[in-house]
Structures are given as C-alpha cells and as structure tokens.
Amino acid sequence: MKLLEEKIVNDGVIKSGNVLKVDSFLNHQIDVPFVAELGKELKRLFADRNITKILTIEASGIGIACVAAMYFSVPVVFAKKSSGSNMDKDVYFTQIYSYTHSKTNDVVVSKRFLSKTDHVLIIDDFLANGCALEGLIDIVRQSGATVEGVGVAVEKGFQGGGDKLRKAGYNLHSLAIIDKMDAKTNTVVFRHEEA
C-alpha cells in the first residue's frame, strides 16, 4: 500500500536492532484518518470473507483493529496480556514471545467472546517473527472458530514470520512489507505482494 510506505519513509524512524518506530502515527499516537485508510484497505482485501469477529492483541493492534471493524461492522476482541481481577476465569490461554520486549507474555481471551461459529480476521500492527500471530491463531484454534485471514499493517519480511504463515496456508495480507532497512542511512526497501 503506497500510502503506508510513504508514511513509513516520511515519519518512521529506524533504530539499531531492526527496530522501526512508527509511534507518531500507528502505535502510540494514532493518526486516525490515516488509519481509517488502512482499515478500508483491509476491508477490500478480505471483502470476500464472512468475518464475524476481528481478533487482535493489546495494545498496539487495537487502534487499527477498531477502525477496520467499522468497515466490517463486527466487534473487536483483543487478547489481554494478563488476566486481572476483572477478567473472566473461563479463558483461552496461550503464551506469546514478544520480540520488542524480549519476554514471554501469558495471553488470554474470555471464552464468552469467541466460539466455534465465529469467522475471525486477525489484525495486528506489526509482524516480525510471527509469534504474536501464531499465539492468536492458537486462541482461535482453541475456540473452534475459523481463521478467515490475517491482516497486518507493517511486516518485517526479512524476519520470516510472514513467509512462515503463508507457507502454513494462512490468507495473510500485509499493507507494507519491508525487505531491508538500514538505521545508519534511515532507508527502507519494500517488497510488493500481489493483492
């Protein structure tokens, strides 16, 4: 998606360790009109699927998932990284390793919000090695629901998570796929997938 690629080039910041900061528009401060365009594109990409729920993980995926849900007219369920005192006790549970924070999180979704009759679109802001998405897929599998697709704003293609999920047969669309990025020159090389 050219619009997202331009935003990454103009407003993204590449840090050492293959870190891309897009916090000025996507996952700290949210440029809502811009994210609305991303939501429209996700609707276009998955328009042929019977989506009944969108699933994401707290916290960064919630913004883009909520905007996309407006176009699908479905609720968003977000996996919580811990179960607090106000959380249902009857939950789907998985563990997800966070590349960004270098730690494993316990992740839960209340069984009240996902069932075997659901057709789920999983949405997240970033895809690197695929651990978060694999964890969300595991939660959908536990519920008996169907994964209709996976939509990602930014994929770091050079880390292989997206390629692994595609090989496993998942209908994955990333709005921008980065094949290379260089912190010293602040340059990005994009891959273009066919939509």
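Q: In which strand is the place of threonine 56?
A: Strands are DSSP runs of E with at least two residues, and helices are runs of H or I with at least four, numbered from the N terminus. Threonine 56 lies in strand β3, residues 53-57. This is a predicted model: local features need pLDDT of at least 70, side-chain atom pairs count only at pLDDT 80 or more, and totals for chains, interfaces and linings use all residues. Residues are numbered from 1 along each chain as its sequence is written, and side-chain values use heavy atoms, with hydrogens and water left out.

Q: Is threonine 56 buried or exposed?
A: Buried means under 20% relative accessible area, exposed over 50%, and partly exposed in between (1.4 Å probe, protein chains only). Threonine 56 has a relative accessible area of 0%, and is therefore buried.

Q: Which residues does threonine 56 touch?
A: Contact means heavy atoms within 4.5 Å. Leaving aside residues up to four places away in sequence, threonine 56 touches several residues, among them Gly61, Val77, Phe78 and Leu136. Ile123 is also one of the residues touched, and its backbone oxygen lies 2.7 Å from a polar atom of the threonine 56 side chain.

Q: How many helices and strands are there in the protein chain?
A: The protein chain has five helices and ten strands.

Q: What share of the residues of the protein chain count as buried?
A: Of its 195 residues, 46% count as buried.

Definitions and conventions:
Polar contact = N/O pair within 3.5 Å; in protein donor to acceptor, adjacent residues only side chain to side chain.
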